[in-house]
Amino acid sequence: MQKLLLKNIKTLVSVYENAPEKVSGKEMKNLPCIDNAWLACDDGIISDFGSMDEFPGITDWKDLEVIDCNGKIVMPGFVDSHTHIVYAGNREQEFIDRINGLSYEEIAKRGGGILNSAQKLRETSEDELFEQSKQRLFEVISQGTVAVEIKSGYGLNTESELKILRVIKRLKDLDLIPVKATFLGAHAIPAEFKGNKKGYLDLIINEMLPAIAKEKLADYIDVFCENGYFTAEETKQILLEGKKYGLKGRVHAEQLSHSNGIKAAVECEAISVDHLEFCNDHDIELMKKSDVMSTILPGAAFFLNLQLPPARKMIDAGLPVAFASDYNPGSSPSGNMKLMMSLACIQYKLTPEEAINSVTINTSYALELQSRLGTITSGKMANLVITKEINSYGFLPYAFGSDLIDKVLIKGKVYK
Ligand code: NIG
Ligand code: FE
């Protein structure tokens, strides 16, 4: 049995005997900690923890690795509940076009944006796509991400959507960190279906979905509910079709305009609604009556200079809020969850406690991984972050540009 002991931990963050599934409203300010702590793991699972003042001592040294965490903070690793990291190439040219005055929507109308990525992806082999995506997975793990959701949506035909989902499956099979796959065929209308959205919806429902279900390639289904993409009615139709195959919904909602995506998601009992820049008071009431996780993607709002979603208002209204990266080539070319935490504090006025909860326990809930990840609790996976020597956990979002992650532990083993 492989055993690990972390001792002299300056602060052990988010410790629970019995962890809640998620934290909402005022509870988001709670971050139970133990100062001067120890933590033990057996075979990749957290087995016990406590204060160094009551450290029982080591009785069995066999196969035991000890890490002295003097001056360092130990916390649950980040769970990133929204990414598109399986893509081909990049879109720096559109970044420059936007600097020069074009909007994201204008670029998309010219055939850029998602369709630009779709063209690149269709020309890329599965093996090449796997190699590119694997590097991004390695990158985010070394930045402290210990579980990730990955969407398809840059294929936009059956063959290429399957190619992306098979790459996601191969990333899962690396057995590094938990990976959840989301089918996002309804990400955009491909060029060959221009003016024939109905034809593309038929393809999604009657060809893509059955093929994906047959190979068991998806855990969730997602729709980009937006002007020029898919309406709330179409979103509902797709989510309900996905449900027939056991796929729970997630929705890209209210990002560039108010499109009633939240309403559609709540009506279809989606697990997560993401973006929310144009979320209004009525939407907040709708979300309060549901179990959906309200998810903010601060990288996309920052990178595209969008108006900010009302995260503070949502928390003050009693909602649970998660923050994820949206790592993708068009609207958020970063999967750095520590940076997302800084944006949560600086731009959305979350306290460091709320920000830490928003990228750990609440994102775990959004991926239905809350029994395995998101808090320091006996029986959960030892997927942890050990920081460099810092004064307090508040220093993590404060020093927004610094790499403060000393080690990332995956199943109790040092990854970084
Ligand atoms: O989550 N909003 C839609 N989809 C992505 C962006 C995709 C892209 O521009 O490539 C997002 O922001
Ligand atoms: Fe997205």
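Q: How far is the side chain of His84 from an oxygen atom of ligand 1?
A: In this predicted model, an N or O atom in the His84 side chain sits 3.4 Å from an oxygen atom of ligand 1.

Q: And what about the side chain of Tyr104?
A: There the distance is 2.4 Å, again between an oxygen atom of ligand 1 and an N or O atom of the Tyr104 side chain. Tyr154 has a side-chain contact too, at 2.6 Å from a ligand 1 oxygen.

Q: OK, how much of ligand 1 does the protein bury?
A: The protein buries 100% of the 320 Å² that ligand 1 exposes when taken alone.

Q: What kind of space does ligand 1 take?
A: A cavity, and the largest one.

Q: Which residues around ligand 1 come nearest?
A: Tyr104, Tyr154, His187, Gln255 and Ser331, out of 15 residues around ligand 1.

Q: How does that shell split by class?
A: Nine residues are polar, four are nonpolar and two are charged.

Q: Switching topic: how is the protein chain divided?
A: Into two pieces: domain 1 covers 3–76 + 375–414, and domain 2 runs over 79–366.

Q: How far apart are the C-alpha centres of those domains?
A: The centres of domain 1 and domain 2 are 30 Å apart.

Q: And how many residues are in contact between domain 1 and domain 2?
A: On the domain 1 side it's 32 residues, in contact with 34 residues of domain 2.

How values were computed: Residues numbered from 1 in each chain as written. Chains lettered and ligands numbered in written order. Predicted model: local features only at pLDDT ≥ 70, side-chain atom pairs only at ≥ 80, totals over all residues. Heavy atoms only, no water. Near = heavy atom within 4 Å. Polar contact = N/O pair within 3.5 Å; in protein donor to acceptor, adjacent residues only side chain to side chain. Areas by Shrake-Rupley, 256 points an atom, 1.4 Å probe, with all protein chains shown as cover. 1 Å grid on protein atoms, 1.4 Å probe; cavity = no way out; pocket = protein on both sides within 12 Å on 5 of 7 lines; lining within 4 Å. Sits in = over half its atoms within 2 Å of the grid points. Nonpolar A, V, L, I, M, F, W, Y, C, P; charged D, E, K, R; others polar. Domains from an automatic or database assignment. Contact = heavy atoms within 4.5 Å.
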